[in-house]
Amino acid sequence: MSSHPSSPLHRPTPHESAHRHVTGEALYVDDLPAPPRMLHAQVVTSPVASGRLVRVDSTRARALPGISAVLLAADIPGENNVGPVVKDEPVLAAETVEYLGQSVALVVGDSPAACRAGASLVEMELEPLQPVLSLEEAISAESFLGPPQAISQGEVDGALAFAPLRFSGEVRSGAQDHFYLETQVSLAVPEEGGALKVYCSTQHPSEVQHLVAHALGWGSHQVTVEVPRMGGGFGGKETQAAPFAVLASLAAVKLGRPVKLWLNRDQDMAQTGKRHPFLARFEAGFDAEGHLLGLDARLYSDGGWATDLSRAIMDRALFHLDNAYYVPACRFVGQVCRTNLPSNTAFRGFGGPQGMLVMEEVLNRAAERLGLDPAVVRARNFYADAPRNETPYGQLVTDNRLTRLRAELLESSDYASRRAQVDAWNRSATHLRRGIGFQPVKFGISFTTGFLNQAGALVVMYTDGSVQLNHGGTEMGQGLHTKMRVLCEHELGVCADRVRVMNTATDKVPNTSATAASSGADLNGQAVAEACAQLRERLRPVAAALLGVPAEEAGELSFHGNAVHARGQSVPMVRLAREAYLRQVPLSATGYYRTPGIHFDPRTGRGRPFHYFAYGAAVVEVELSGLTGEHRVTRVDILHDAGRSLVPNIDRGQVEGAFVQGLGWLTCEELLFNAQGKLLTHSPDTYKIPSLGDAPEDFRVQLLEQAPQDGVIHGSKAVGEPPFMLALGVVTALRHAVSSFGPSGREVKLGVPCTPEAVLRAVVAARVR
């Protein structure tokens, strides 16, 4: 269906909740009116990172006024497990505790204060065990979550043996807290007939529904999960909202009263998982011009105490080790380590950033050793025409936009002259140095677990022509509801004030996948479009009759502006809907979509795990002090491939936000645990996320024009995760600045995150050499 000039599709549109956000009208789970007789709950957690649970005594807590119950593992009537893939994650610890902060008991009372007091009276007798608290300890102890995962291509040993430049090294990347504005929260409300309604801040309502049902020993039909909206998710509410929803539900059913479980910031940071820290060990070979000949890389990730999604995250890390570059010979092996730390989980990019960082560091180090501009080395290794178009896992790189992006961005950003100016500045500067870097990104779009690539929608039209739109995606501020409403407006020809996007709920659209993998608009958009198309086609013959148009010409009717038009005449949607009802035409429709052609065989490491690739490029300029290591990003130019954007201002906001979040991971966010496994950086006073002052002073973001993507809803592309990796250019720019303190041809020793301390250490090392 082509766009009418009045269609909002491909045009800037206000976020559907923007006004409510700034006025405080937007309701989150904790804002919902408290149901009568509502109770509160607090989790009692393990004080040690590893130990045997000898005894838990809740006698004193139960006797405290205002306390209604204290739940232990034995009080769970169904399955005591919330592992999303591997069943290795008990809701409440029963025999052992595996990390400091693991849930052991749940105190339920009249108020949060009463629950806190009760929690302090729960007594635990533990037999401490020696914890594993680092990747090195886990590797040495062979403490792993599953077998190694691998992909390979070509003869890597031979390529390395004859490479003119051959070197090895390590690359480390740290954890990152999701730091969503709204912390984990669930409200469970018993309903009549042995049913339960759960209001939950989750990216995956269907999984919460199933896990709550399993813990209660119920069928899924007895549990409804509703998501009003989330105050941020970033992957941290894909699986890790479920344990708290289950706990609230267990208490609500046991006591027959509504129960709310909300974590404060310190509790949320201490009890939930983060982005996986990675350690990579590699050996690389290049020719004298900077062409990559072979790469042998072994990746280790810190999965924490339970599997969660760690193996799928490692898959994506391996898939994205190549980033934008053809690797003629490679061997990529990944292993998830088990430690006695919180179970790490999904985070924007889902392992892709950690994998890409390895490749970008390999290229940076090669460029420094060869005395070449890293931007030149990157371009020389781009994917290109056959045979340089096959990934290490056998998928062909089609619709390659890397060369176009590079050419347009380097010209618009004036990269060449600015790099010359930076070099000239550094030759004369004493302590204040500058650097500039070019960063391309190629990111695969689809769930790598193939069956998750499906979505549903339910569209209802009333007899006044107004519409309620239900779809399986969740809104966490990213603008998914805005895009779905725009699609509905476009497909049915109705105006924004006649479409209401409903809260995501499992009784409206069942068996949904998580809103994750950047696929929310791709999947749900197709389902919404299909449901709307069914309604539109049912309405065509009715409209044709009202307009006096022959039935065979009904396909030429135009739906726009809350009316249907033909031959200079129009019939208002309100009249059309009423007439359709009188003619007994159904005015609701379900839509369904599944992504075609997705497959991957982990045994062979070959397949087509992605529907398509999204591309982007950035030029980043920084300035740093050689005296303190402090640094700032002075300018960023981004050209990002969003296909034919459904709503350009929403996509641009995603690009800007993703870049700044990536900047935080790479430069200022650092999670530290002590020798007992206790998180030291558990609140904003010790954990630094980027602020307005950390954002680039000069921030230029453009979407690639005339770049529709075949096979995706209205030519659009996913945009949630790919721009995150554009921030890797900050590391390249900082390395450029640091390198000016020492002789050329030497490798910069800069660790990630590039905190002022890390930068200062790198400057000192450069000066010493």
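Tutor: Start with aspartate 399, which sits in the loop between α11 and α12. Keep in mind that the model is predicted.

Student: What makes the phi of aspartate 399 worth a note?
Tutor: Its phi is near 50 degrees, a positive value, and the residue is not glycine. Most residues other than glycine have a negative phi.

Student: What else lies in the loop between α11 (374–380) and α12 (402–412)?
Tutor: Proline 387 has its place there. The bond joining alanine 386 to proline 387 is a cis peptide bond, with omega about 10 degrees. Most peptide bonds are trans.

Student: Which kind of peptide bond, cis or trans, runs from valine 752 to proline 753?
Tutor: Cis again, with omega near 5 degrees. Proline 753 is in the loop between α18 (728–739) and α19 (756–768).

Student: Now the rings. Why are phenylalanine 167 and phenylalanine 286 called a pair, and of which kind?
Tutor: Take the distance of the centres, then the angle of the planes. Ring centres must lie within 6.5 Å to pair. Here they are 6.0 Å apart, so phenylalanine 167 and phenylalanine 286 pass. Planes under 30 degrees apart count as stacked. These planes are at 10 degrees, so the pair is stacked.

Student: How do you know that this pair links distant parts of the chain?
Tutor: Phenylalanine 167 belongs to strand β8 (residues 165–173) and phenylalanine 286 to strand β13 (residues 278–286). They are 119 residues apart. The whole structure has 13 aromatic pairs.

Student: Why do glutamate 283 and arginine 166 count as a salt bridge?
Tutor: The cut-off from nitrogen to carboxyl oxygen is 4 Å. Their side chains meet at 2.5 Å, N to O. That is within the limit, so the name holds.

Student: What does the pair of glutamate 283 and arginine 166 tie together?
Tutor: Glutamate 283 lies in strand β13 and arginine 166 in strand β8, so parts 117 residues apart in sequence are tied together. A search of the whole structure gives 48 salt bridges.

Student: Next, the domains. Which stretches make up each one?
Tutor: The domain assignment gives domain 1 as 18–26 + 454–594, domain 2 as 32–130 + 178–271, and domain 3 as 278–448 + 602–767.

Student: How do you know that domain 1 and domain 3 are in contact?
Tutor: Contact means heavy atoms within 4.5 Å. By that test, domain 1 supplies 21 residues and domain 3 supplies 20. About 1400 Å² is buried between them, 62% of it from carbon and sulfur atoms. In domain 1, Lys483, Ser518 and Asp522 lose the most area to domain 3, together 39% of what that side buries.

Student: What makes aspartate 651 and lysine 483 a salt bridge?
Tutor: Their side chains meet at 2.6 Å, N to O. The limit is 4 Å, so they qualify. The count between domain 1 and domain 3 is 1 salt bridge. There are also 4 residue pairs in polar contact, both residues at pLDDT 80 or more.

Student: Which helices each supply at least two residues of the side of domain 1 that touches domain 3?
Tutor: α14 (480–492) and α15 (520–547). By class, that side has 9 nonpolar, 9 polar and 3 charged residues.

Methods
Residues are numbered from 1 along each chain as its sequence is written. This is a predicted model: local features need pLDDT of at least 70, side-chain atom pairs count only at pLDDT 80 or more; totals for chains, interfaces and linings use all residues. Side-chain values use heavy atoms; hydrogens and water are left out. Domain bounds come from an automatic or database domain assignment. Buried area is the accessible area (1.4 Å probe) that two parts lose on being put together, summed over both. A polar contact is a pair of N or O atoms within 3.5 Å; within protein, one must be able to donate a hydrogen and the other to accept it, and residues adjacent in sequence count only if both atoms are side-chain atoms. Helices (H or I, at least four residues) and strands (E, at least two) are DSSP runs, numbered from the N terminus. Ala, Val, Leu, Ile, Met, Phe, Trp, Tyr, Cys and Pro count as nonpolar, Asp, Glu, Lys and Arg as charged, and the others, Gly among them, as polar. Rings of Phe, Tyr and Trp (its six-membered ring) pair if their centres lie within 6.5 Å; planes under 30 degrees apart count as stacked, over 60 as edge-to-face and the rest as tilted.
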